[in-house]
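Please read them next to the structure.

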Amino acid sequence: MKQTLTVGDFSRITHLSVKTLRHYHQVGLLDPDQVDPGTGYRHYTPDQIPTAQVIRRLRDLDMPIADVKAVLATTDATARGEVIATHLDRLESELAQTRAAVESLRNLLRRPATSPIEHRTVPPTPAMAITATVDRADLLPWWQGALAELHAAVQAQHLEATGPTGGLYASEIFQDEHGQATVFVPVQGYVRSIGRVEPLLIPAAELAVITHHGPLTDVDLTYGELGAYTMRHEISVTGPLREYYLRDARHTPDPTRWTTEIGWPIFRAEHHQTDSD
């Protein structure tokens with residue numbers, strides 16, 4: 001006669017609550033070996049203990065029930081490993097996002113009250129550029145790819161950069177989460193159009209400029225400080241916001257050492273060198 005375990009005994013052995021075992025039965029994840037037709041009592045076998053232990057660990061890692069079913073259903077070790085590896089990659093990505101959010105919050109708490117604001121007149125600048133309409137969620141990977149392509153093109157065309165790499169970002173990116181973005185390298189000489197790369201004259205502008213230190217994950221804090229200053233002291237002008245990458249991943253793999261200047265287009269009748277109000 002087959003040895004069976006009551007749901008209570010199986011719960012104590014596997015550390016899965018009776019409620020959880022009932023749920024797993026309802027969703028078809030772990031069916032009992034027998035269900036008494038009269039009482040509805042569920043019975044399990046000792047052979048089901050290893051399966052329950054696997055389920056418990058996968059669910060402790062927040063693996064969706066559908067993926068747990070896929071792991072249990074296959075006898076192919078490679079296929080099973082791929083399902084688990086995909087979930088682990090997802091967990092690592094979520095963990096990285098959580099760590100970035102925690103670090104960003106810490107930066108906010110220890111951020112100095114004010115940062116110096118500089119007024120700057122920027123002349124028209126010939127450049128090599130890549131322009132696209134980008135979703136806000138895709139902006140960072142697009143930016144990274146476009147910068148790598150630009151700098152490769154600068155080398156391939158034997159041009160010399162005449163200033164820091166920069167970016168132009170339409171207000172719609174922030175307001176509507178979708179808008180035009182441009183990254184550029186100021187260069188001297190003839191720029192040949194190839195692929196996404198095109199010559200572009202970066203227009204002149206009057207800017208209020210602030211420097212952001214560290215990774216771009218919390219650049220919104222610096223944008224907030226600059227925007228608030230501009231609303232209080234200047235006449236904001238419609239036009240793309242600017243960024244100049246004085247130090248980024250090309251200079252150091254350590255994001256805490258990155259330096260980015262942010263420029264807000266303004267109109268002003270008088271020129272001031274610096275202002276830290």
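1. Which residues in α3 meet which residues in α4? The model is a predicted one. On the α3 side they are T51, V54, I55, L58 and R59, and on the α4 side I65, V68, V71 and L72. Sorted by class, this contact has 7 nonpolar, 1 polar and 1 charged residues.

2. As for geometry, α3 spans residues 49-60 and α4 residues 65-73. The two helices pack at an angle of about 140°, and their axes are 10 Å apart. Their crossing is right-handed.

3. The largest nonpolar core has 34 residues, and the members that touch the most others are M128, W142, W143, Y169 and V183. At least two residues each come from β5 (125-135), α6 (139-156), β8, β10 (205-213), α8, β12 and β13 (259-267). Helix α6 gives the largest share, 8 residues. Another core, of 17 residues, lies apart from this one; I49, A52, M63 and V68 are among its members. In general, nonpolar side chains of soluble globular proteins tend to be buried together.

4. M128 deserves a separate entry. With neighbours within four places in sequence left aside, its contacts are L150, A153, V154, Q157, L159, V183, F184, V185, V187, V191, V197 and E198.

5. Aromatic pairs: searching the whole structure gives 4. One of them joins F174 and Y223, with 5.7 Å from centre to centre and 45° between the planes, a tilted arrangement. Because F174 sits in helix α7 (residues 171-175) and Y223 in helix α8 (residues 219-233), the pair ties together parts 49 residues apart in sequence. F174 has 31% relative accessibility and counts as partly exposed, whereas Y223, with a relative accessible area of 11%, is buried.

6. Why is the pair of F184 and Y244 classed as edge-to-face? The ring planes stand at 85°, and planes over 60 degrees apart count as edge-to-face, so the pair falls in that class, with the ring centres 6.2 Å apart. F184 is in strand β8 (residues 178-188) and Y244 in strand β12 (residues 241-247), so that distant parts of the chain, 60 residues apart, are linked. F184 is buried, at a relative accessible area of 2%. Y244 also counts as buried, at 10% relative accessibility, because the cut-off for buried is under 20%.

Note on methods. Residues numbered from 1 in each chain as written. Predicted model: local features only at pLDDT ≥ 70, side-chain atom pairs only at ≥ 80, totals over all residues. Heavy atoms only, no water. Axes fitted to C-alpha atoms, helices over the stretch in contact; angles between N-to-C directions. Helix = DSSP H or I, 4+ residues; strand = E, 2+ residues; numbered from the N terminus. Left-handed = near helix turned anticlockwise from the far one by under 90°. Contact = heavy atoms within 4.5 Å. Nonpolar A, V, L, I, M, F, W, Y, C, P; charged D, E, K, R; others polar. Phe/Tyr/Trp six-rings, centres within 6.5 Å; stacked < 30°, edge-to-face > 60°. Buried < 20%, exposed > 50% of the residue type's maximum accessible area, 1.4 Å probe, protein only. Core = buried A, V, L, I, M, F, W, Y, C linked by side-chain atoms within 4.5 Å.
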